[in-house]
Amino acid sequence: NPFLEFVPEISADSFYTYDGDLHNSHVSLTLTTTELTAPVTTLSFELRNDSDYTFFLVEQLHPVIWEKWENGRWQSFYAPYDTRSEVDVSFQQVLPHKVRTRTDDFTPSSLEAGVYRLRIEYTLTNEKGDVCNQFVPGVECVVETYFTILPAPTE
């Protein structure tokens, strides 16, 4: 199994474990939507690769995991964007020193007040170019960001 012998070329001190998941400090996820008062119908985010290596998303059909904190645990849900049959191929890999942006549409089921998390699982490779159409070993990591949607103001 090539994954068992995989040794990342990226520096070991850039990896860290948080909440049981492996992360890399060169990969970041930022919510770019600034208006977070319920009801929220769209959310935009930026997935940034500041490393010298390509990574690709583990899950190709539903690469983005939206979650809401409910009843003491994270509950997953999908944006209607994710339920369409086509796959956003351009979003499946992020080349070195590149940024991918995306906006997910939650109409008509707008998001209400609460604490949310956005997670993406990816495989960080030793490649420095396009890996989309080939089997490439790597180390599986997670990138995530947390945010709060405030209640609508009362009149």
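Colleague: Which side chains does R117 or E67 meet in a salt bridge?

Modeller: A salt bridge is a side-chain nitrogen of Lys or Arg within 4 Å of a carboxyl oxygen of Asp or Glu. Here the side chains of R117 and E67 meet in such a bridge, at 2.6 Å from N to O. R117 lies in strand β10 and E67 in strand β6, so the pair ties together parts that are 50 residues apart in sequence. Please bear in mind that this is a predicted model, in which local features need pLDDT of at least 70 and side-chain atom pairs count only at pLDDT 80 or more, while totals for chains, interfaces and linings use all residues. Residues are numbered from 1 along each chain as its sequence is written, and side-chain values use heavy atoms, with hydrogens and water left out.

Colleague: Are R117 and E67 buried or exposed?

Modeller: Buried means under 20% relative accessible area, exposed over 50%, and partly exposed in between (1.4 Å probe, protein chains only). Both R117 and E67 are buried. R117 also forms a salt bridge with E144, at 3.7 Å from N to O. Since R117 lies in strand β10 and E144 in strand β11, this pair ties together parts that are 27 residues apart in sequence. E144 is buried as well.

Colleague: Which residues are linked in a network of salt bridges?

Modeller: The network links D21, E67, R117, R119, E121 and E144. The structure holds seven salt bridges.

Colleague: How many helices and strands does the chain have?

Modeller: Helices (H or I, at least four residues) and strands (E, at least two) are DSSP runs, numbered from the N terminus. The chain has zero helices and 11 strands.

Colleague: Where is D21 placed, and what does its side chain join?

Modeller: D21 is in strand β2, which covers residues 21-24. A polar contact is a pair of N or O atoms within 3.5 Å; within protein, one must be able to donate a hydrogen and the other to accept it, and residues adjacent in sequence count only if both atoms are side-chain atoms. The side chains of D21 and R119 are joined by a polar contact of 3.0 Å. D21 is buried, with a relative accessible area of 19%.

Colleague: What does the side chain of N24 make a polar contact with?

Modeller: N24 is found in strand β2, and its side chain makes a polar contact with that of S14 at 2.9 Å. A polar atom of the N24 side chain also lies 2.8 Å from the backbone nitrogen of H26. N24 is buried, at a relative accessible area of 1%.

Colleague: How many residues has the largest nonpolar core?

Modeller: In soluble globular proteins, nonpolar side chains tend to be buried together. A nonpolar core is a set of buried Ala, Val, Leu, Ile, Met, Phe, Trp, Tyr and Cys residues joined through side-chain atoms within 4.5 Å. The largest one here has 31 residues, and those with the most contacts inside it are L43, F45, L47, W66, I120 and F147. Elements that give two or more residues to this core include β4 (42-49), β10 (114-124) and β11 (139-149). Contact means heavy atoms within 4.5 Å. Leaving out residues up to four places away in sequence, F45 touches, among others, L29, W66 and I120.
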